[in-house]
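Here is my note for a colleague who is meeting this structure for the first time. Please keep the sequence and the model open beside the points below.

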Amino acid sequence: MAPTSSPAPARLAYIDATAGIAGDMLLAALIDAGASLVGVQRVLDALVPGSVRFVRSEVDRGGQGAVKIDVEVLVEDPPHRTWASIRAQLEQARGGADVPERTIDLALAVFGQLADAEGATHGVPADEVHFHEVGALDSLADVIGACEAWRQLGIEAATGSVIAVGSGRIRAAHGDIPVPVPAVARLALGWPTVAGEILPARRHRHSHAHSHGHGHGHGHGHGHDHPHDHELPAHAQGGPHEHRGRRVPAGVAPGIGELATPTGVALLRGLAATSGPQPMMTTEALGVGAGTKDTPGRPNVVRVLVGRPADDSAVPVADAHGTPTAALQLEANVDDLDPRLWPRVVEELLEAGALDAWLVPISMKHGRPAVTVHALVREGSEEATAALLMDRTGTLGVRSHRVDRVIRTREFTEVEVRGHRMAVKIARDADGAVVRREPEFRDVAAAARALDLSERAMLDLAKEAATGLAGS
């Protein structure tokens, strides 16, 4: 009898909400960790077609690079929704090919958390709650998107950190209310929270230009899934100072604002079963998701670490740039696609998160010329990438096999050549010594066109600049 291989241990995740959490931030962190935004968009389109579009960007938050996901609402007057109508819509999607069962189950758990909290806050049955934020399409997108990204990454268990909820007071639809807002306070019952830093008056005076960047609701910076739009002063130690053009008495300082939104906390409670420190695990991927505001010295981000139990010797690991040593290679033979379409197909695979994508010319039966398209992807994203391949090429099937790789750590920096910035990839050996410096050719080509130089001459100039990089 042939030996049977043991299944890979379940994937684990750790959600770091020590700077707060919002729905769009968690979604962005999961996309950064390897989930396919194309696949997430496809699921959302199946539930609310033509209603929203996800837009990804790379941003800096307090000196940290992060992914930002914005949700563009495509309809002018989206309908109001109750928990009962949302639940019915999700249940109706069961059994179809467009929305995975696990995504539905996760979304139901998250929306259920929100319904219970809002119902208790307003004194109405959960089914009758008219969600201010969940009914809005952008936050509906956050919940469905995060649950689908979670499923794609194959996460089976998770732990969450203490939640920084913020401090101070905000002005909401129902008046002046304290932070955490009522729904967050109820959602956090049984979970460790911290109010967050209250800035001393002297320090706040020096950073007045950034005082709006701490919060996470509309106008505050963490996300877009809560309707609060103004912070009010909170008590703290310090001398007299000005806040938003008003004289504030001694002993009063502005609160740090709203750091956790109801949708963000509901997602954490619905996805993570336990709170505490990061469990022992071998991390395979790290995702960093950004909020809207950028506050110097306080990165406005949510982090997600994804991996497997640390005692499994077969766990694929990642190098310093987050590239896994184990991945899945997808491939398909195509003999009927217009050759002019292939460059965009490869670009879309890379934009969807593929580690690499390439084409190989082949000869099929009866001597027909064809192309094998390959995509190297992270584990957990193969389903969405295969769907993209079939959609863009018309192929009826995609093959998949696991590959193990020996890779060198790599990092990126920039050089400036004659006024043009270009990325440089630096590869290091196991001892940390630099073995290669390679300018990004796309940047080289763009600079060559702008300066009216040949690409070869520009490449020589870029390599010379890269050779002189300090510390590399």
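Which residue in E20 does Asn 333 stand opposite?

1. Asn 333 stands opposite Thr 372 in E20. Strand E18 (residues 326-334) and strand E20 (residues 369-377) run antiparallel and are joined by seven bridges, where two strands count as paired if DSSP finds at least two bridges between them. Helices (H or I, at least four residues) and strands (E, at least two) are DSSP runs, numbered from the N terminus.

2. A word on the basis of these remarks: the model is predicted, so that local features need pLDDT of at least 70 and side-chain atom pairs count only at pLDDT 80 or more, whereas totals for chains, interfaces and linings use all residues. Residues are numbered from 1 along each chain as its sequence is written, and side-chain values use heavy atoms, with hydrogens and water left out.

3. The pair E18 and E20 belongs to an open sheet of four strands, ordered E19-E20-E18-E21 and paired in antiparallel fashion. Strand E19 (356-363) and strand E21 (399-404) stand at the edges with a single partner strand each, so one side of each has no neighbour in the sheet. On average, neighbouring strands of this sheet are turned by 25° against each other, direction ignored.

4. Two helices lie across strands of this sheet. Helix H9 (residues 342-351) lies across E18, E19 and E20 and runs at about 145° to E19, while helix H10 (residues 382-393) lies across E18 and E20 and runs at about 20° to E18. Axes here are lines fitted to C-alpha atoms, for helices over the stretch in contact (heavy atoms within 4.5 Å), and angles run from 0 to 180 degrees between N-to-C directions.

5. Val 181 is placed in the loop between strand E8 (175-178) and helix H6 (182-187), and counts as buried because its relative accessibility is 2%. Although Val 181 and Glu 258 are 77 residues apart in sequence, they are 8.0 Å apart in space, C-alpha to C-alpha.

6. For the protein chain as a whole, the secondary structure comes to 12 helices and 24 strands, and 49% of the 472 residues count as buried.

Technical notes
Buried means under 20% relative accessible area, exposed over 50%, partly exposed in between (1.4 Å probe, protein chains only).
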